[in-house]
Structure formats: structure tokens, C-alpha cells
Amino acid sequence: MMIQDGVEDEEKWLAAGIAGLQQNAFYMHHMRAFDELRKLEMFFKEETRRGCSIVDLYELVQHAGNILPRLYLLCTVGSVYIKSKEAPAKDVLKDLVEMCHGIQHPVRGLFLRSYLAQVSRDKLPDICSEYEGDADTFMDAVEFVLQNFTEMNKLWVRMQHQGPHQDKEKREKERNELRDLVGKNLHVLSQIEGIDLDMYKDTVLPRVLEQVVNCKDELAQYYLMDCVIQVFPDEYHLQTLETLLGACPQLQPSVDIKTVLSGLMERLSNYAATSTEVLPEFLQVEAFAKFNNAIGKVIGAQVDMPIFGAVTLYSSLLTFTLHVHPDRLDYVDQVLLEDSNATKQIVSLLSAPLNKYNDVVIALKLSNYPRVMDYLDDATHKVMATIIIQSIMKNKTRISTADKVEALFELIKGLIKDLDVTSEEIDEEDFKEEQSCVARLIQMLYNDEPEEMLKIICTVRKHILTGGPRRLPFTVPPLVFSSLKTIEALSAVPVPELALRLYLQCAEAANDCDLEPVAYEFFAQAYILYEEEIADSKAQITALHLIIGTLQRMHVFGIENRDTLTHKATGYSAKLLKKPDQCRAVYSCSHLFWNDEQDSMKDGERVMLCLKRALRIANAAQQMSNATRGSSGSVVLFIEILNKYLYFFEKGNPQVNVAAVQSLIELITTEMQSENSPADPVADAFFASTLRYIQFQKQKGGTLGEKYEAIKV
């Protein structure tokens, strides 16, 4: 009697709680009911241990008045019934799953069957389970889960038709929140030990896919396909690819199939990466061909699929191929054959072989690679060309034959040829960056064989001469640097400053080869260019410092030739337009007479003459400032010269002694303390930093510290 009263109370509680509940409140109530029913199950277990018949109890709950509470109670008692082992688990489960047909309300039926799945998942008659009965009883477990899954999916799909049309969006949101209730059945199914590959292939997967396809619901199809891919083993997917992929074209056109297939390919790629031993299986089942065929069928079936979706599928297929079949270039080439105009995905598609193989030479072997590039618009073609060049530089790829250079320049022609637009329409900074990439590429083209190198130079020349006058200043110089041939190529570059750089670069090359007459001739031509072509004062300063720096590094010249070139450089320095520029150029010339690596180039007296001359020019610049502004100019030039003094003082120039350094320090101090001296924070900081350096050398000690000890600051 006490048990009957308890059952009736529980029935009333369930009925009262369920009545009038909205869908969004049903989940919360289900959780509460589940907790209560677990307590009731414990109560029933205790009663059976006290002698109460579980069979009578199972009959008793079936007399409950309301069907929904009755079925919840029946599932609860059924769980205890299976544990008691007084009846085969398969019979009780079959009875319960059939009884649940009594609830056809979508939400209530869904939660009822979810409860049934929860209380039965550990009581299935699986292999090695305590509830295993006669042979092949695990088939009953599979049938139970599949039947429950099928009915739950039907109820879940029917939810969209409950209520007015204007609430459809709200209902779809609620359905999405409840999707895990259905998906848990597939997870339970994947945990059944008795399901081997043959059974999965012949029974489980076809039954699941039949339900997925026949429900014709976008949300259900997408979610359930994803569940199948995620919960079942990778080796099962590999062996059942044809069946699984065969369902994809049958899905609704609105299903996001690209994400489903991409997820499957990614999962199998990771599976292939776990061990090289599984790779033969991919070839055995012809995984690439099946994926490629399935993608074609999906695109054909979903006629409204955007181009982006198609390219995403082929991009995923390419990534899959590069991971699973990196040695099959024909597979890679086959994927590249697909047409598309989706910019970002095309760039990703074309970049994948470069990232995988780290070798542009392999990409040059792909016959369809340039065909795909031809589909790109001009802007995207430039982006892709830049990526190709960056890959070459990053991996230091050697392009060593004229044929490969020809193929490469066809790929990057977007950066080489002038577009049919005015100069105002091209961003100057972007243009310079693009051409700098091309220039760096040209310098990486090399072959040890002179004949082949000449062919490469001719091939590059053929392409870059189509670039127009704006590109030639960027592309001709690196070609000259690489070839080191005659200077006739300079006639195509009407930029004297650049030509001067090339002359000096060639002079250095001749210096490295100990060709004094050749080096001298290049310097002579550079001087002529400086005198006749470079008229701008700023350009003269830059050119002169290039001349001085290059001449200082030359070791091939004899005394006579060196004196001639040095004399001209110092003469140019003294003729610059502005006194400060003259001063800096003259003290830079002091380095022409002192080279640590060559004892024959250590002329301390001429170094001192340059520095004293620079001091006179600095003094003259200060006097001019005083005459024009009524105050003495900045002492920055004097401080710069002081730093040159210190440099040669450290190098051991006997002419630059303590007295000379001390005298210059005192001169600068006097000038800075003069009433006519304007406030100059930059000069103050520069001088203070120089004095700190002297003090630091004193504190550092050693031979150099002893030399500095005599200098007073």
C-alpha cells in the first residue's frame, strides 16, 4: 500500500509539473524530474531488496492515470527491472521503447525518450556486459538505440511545425538548443562494443544515414552528419567513405555541406598524421578519388552553392591531399584545375603547395598552377606573385635554369608589366615595395655555368624590359649586380645617381678580383658622372659619401692612382654648396688616409690636415651664422669633429694626441659658454655624451684607459 501511495504521489507531481509548461521551461523541469526519479529508482531498489516483487511493481506503474507520468515511472521501474535480471534486458528495453510511442507531442516525447536513453545506457545487453544474454544479444542493444534515435529525430524535426508561422525563428532556436538530446544516441551507439567494422558498414551507418537523408531538415541533417563524423572511429570512416560521401549530395541544398566535408577531411588528415602505417589504407580505398568525386556531385546537386563554398571544398581537399599524399603531385595538380574567382580562397589554394613543399620549383611543375593564376584579377595576381617571391626568399630556393626562370616570371608577370592606369592611380609606396620584391628575386637567380647564366640573364632582361620606365630603375640594377657584365645596361636607366651606385659597385667587384685598371676606370666614370650629371646639392652629398665610403674600402690601388682619386674626392668635398656639408665631407675624407688593415694606408699627417681643414670650415660656418643672425652658430660641427679626433686617437694616430684633443674640448667648452651662443639642447646632449664616453674609458682602465687618463674633462 505504501508503494502504491508513493507511485500515485510521484505521478501527481509529474503531472502537475508538466502541465502547461512551455518549451523553454521544459528542459529545466526535465532536469528536476530526472533528479527526483533517480531518488524514486533508489526507493524501488530498496523495496525489491525487502521482498517486493519487481514484476508486480512493473505492472503497478502501468495503471497510472496520466500517460506521460506513467511512462516516466515505467522507465524508472524498468531500469530496476533490468538490474534485477528477472527478465532479459532486451525484452524490457523493447517493451519500453515501444511504450514510448504513446507520446507523440514533439517536446514531451523528445524528453521522455531522452530519459529512457539516460537510464538504459549502462544496461544495454552489449558484449562483456553483465546484461548480455544469448548469442548476438548486442544486436538487440543496437536495435534499441537505433529505434530510439529514429523516433527522437522524428519528434525533433516535427517541433518546427508546432505553433504559428511567425514564431518559426524562435522555434528553430529552441530546436538548436535541444539537438544534443538526439545526438547522445549516436554517442551511445559508438560505445557499443559489439559494433565492429562490418556491422557498422552493413547496418549502423546505412540506418543512420537513411534517417538523416529522409528527414529533409536542414538543421537535423547538418548536425547529425557532424555527429556521425565526430563520434565514430576514423578507421570506420575511411572504410565506409563511399557510403558516407554518397549521402552528401542527397542533403538539402541549404545544408552547409562544405563545413561537414571539410571537417571529415581534416579528421582523416589528422588520422593519417598519427602513423605512416595507415597511409596505404588511404590508397587502397582511393580516398582522394572518392572525395574529389563527392565534391563534384555536391556542387552539381547544390546549384545555388556560392563560388566561395566550392573553393572552400577544393581548398580542404588540397590540404587533405598534401597531408595524406604529399608525393602525388598529380593529385595536387588535379585539384588546382578547378575554376573559381573567390579571391581569398584562391590565394589560400595557391599558397598551400608553397607552404607544404617550401619549394617553388615543385609548384612550377604543376601544369594547372598558371591556369588558376590567370583567373585572378590584377590586384590579387600581384598579391599571389608577392607570396611566391616571399616563399623563394624565405626558403632560399635556387632557380637555376632559364626554363624555370621563364615559368616563374610568367607566374609573377603582374609585378613585372605596367598596368594600363595612370601614375596617380598607383600607390607609390606599394609600387616601390612590389618592385623591391622583384629586385630581390632577380638577385637570387644564379647558375654556376656561364652559358646557362647568360640564358637566365637574357630571359630576365626580356621580361623586365616590358616593365616600362617606372620599373626599370628597380629591376635593371639587380640584373647588373648579378651579371657584372658591361655597363651598356645603364643606358636603359636614365637615373645618374643610380648609375653612379652601379659604377661604384662594379669598382668594388673589380677590387675583389684585383683588377686595378678596371676598378680605376669605374671610379673615373663615376667621377665624370658626378661632375656632369649630378647637380642637385642633396644628391651630391649622398653621392660624395658613397664615393668616399667605397674608396676607403679599396685595396687594389697603387699609391699614384689612390692619391689621384683621393685628391679629387677631397676637392669635391670642399666645393659643396653649404659649409656644414663641406665640413662633414672633409672630415669623412680623413678615413681615406687611415686603414687599420693596411699599414701602407696610415698617413697620420694627412688625417690631421683633413681634420684641421674641417675645423676651419666649421669655424667659417659659425662666423657666417654670427654675421647673418647676430649670434654664433651651433657647435655641433665641432663636437662631430671631436668624435673623429677621439676615433683616430684610439687608433693610435700619433698626430692626434692628448694636446690636440684637449685643445678642441676647451674650444667647444668656451664656445658653448659664450654669451653669443644660442641655447641648443641637441648640442648640449651630444657634448655631454661625448664627455661621458671619455670618462667611461678612463674608468674602464687598460691600455686605452691610460691614454685617456691625460685628457681633462
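Before you click on anything, one term: a residue is buried when its relative accessible area is under 20%, exposed when it is over 50%, and partly exposed in between (1.4 Å probe, protein chains only). This is a predicted model, where local features need pLDDT of at least 70 and side-chain atom pairs count only at pLDDT 80 or more, while totals for chains, interfaces and linings use all residues. Residues are numbered from 1 along each chain as its sequence is written, and side-chain values use heavy atoms, with hydrogens and water left out.

**Start with Asp514.** Select Asp514 and you land in the loop between α28 (496-512) and α29 (516-532). The helix numbers run from the N terminus, and helices (H or I, at least four residues) and strands (E, at least two) are DSSP runs. Asp514 counts as exposed because its relative accessible area is 54%. Check its backbone too: phi is positive, about 60 degrees, although Asp514 is not a glycine.

**Zoom out to the whole chain.** Colour by secondary structure and you get 37 helices and zero strands. Of the 713 residues in the protein chain, 49% are buried. Now think about contacts, meaning heavy atoms within 4.5 Å. Among contacts with a separation of 6 or more, 70% are between residues 24 or more positions apart.

**Next, Glu286.** Glu286 sits in the loop between α15 (279-284) and α16. Here phi is near 55 degrees, a positive value in a residue other than glycine. Is Glu286 buried or exposed? With 52% relative accessibility, Glu286 is exposed.

**Follow α16 to Ala301.** Ala301 belongs to helix α16 (residues 287-301). Ala301 counts as partly exposed because its relative accessibility is 38%.

**Bring in α14.** Show helix α14 (residues 257-274) alongside α16: the two pack at an angle of about 175 degrees, with axes 12 Å apart. Axes are lines fitted to C-alpha atoms, for helices over the stretch in contact, and angles run from 0 to 180 degrees between N-to-C directions. So α14 and α16 are roughly antiparallel; the classes are under 35 degrees for roughly parallel, over 145 for roughly antiparallel, 65 to 115 for roughly perpendicular, and oblique for the rest. Which residues of α14 and α16 meet? Show Ile257, Leu261, Leu264, Met265 and Leu268 from α14, and Phe291, Ile295 and Val298 from α16. Sorted by class, this contact has eight nonpolar, no polar and no charged residues. For that sorting, Ala, Val, Leu, Ile, Met, Phe, Trp, Tyr, Cys and Pro are nonpolar, Asp, Glu, Lys and Arg are charged, and the others, Gly among them, are polar.

**Jump back to α4 and α5.** Select helix α4 (residues 67-84) and helix α5 (residues 89-99): their axes come within 10 Å and cross at roughly 175 degrees. That makes α4 and α5 roughly antiparallel to each other. On the α4 side, the contact uses Leu71, Leu74, Cys75, Gly78, Tyr81 and Ile82, and on the α5 side Ala89, Val92, Leu93, Leu96 and Met99.

Ala64 is buried because its relative accessible area is 7%. Leu74 lies ten residues from Ala64 along the chain, and 9.6 Å separates their C-alpha atoms.

**On to α31.** Select residues 559-574: helix α31 has 16 residues and reaches 22 Å from first C-alpha to last, close to the 22 Å expected at 1.5 Å a residue. That expected span is 1.5 Å times one less than the number of residues. The buried residues of α31 are Arg562, Leu565, Thr566, Ala569, Thr570, Tyr572 and Ser573. Look down the axis of α31 and those buried residues fall within an arc of 155 degrees, so they line one face of the helix; the arc is taken from the directions from the helix axis to the C-beta atoms. Turn to the other side of α31 for Glu560 and His567, both exposed.

**Last stop, Thr690.** Thr690 is in helix α36 (residues 681-700). Thr690 counts as buried because its relative accessible area is 3%. Show what surrounds it: leaving aside neighbours within four places in sequence, Thr690 contacts Ile639, Leu642, Asn643 and Leu646.
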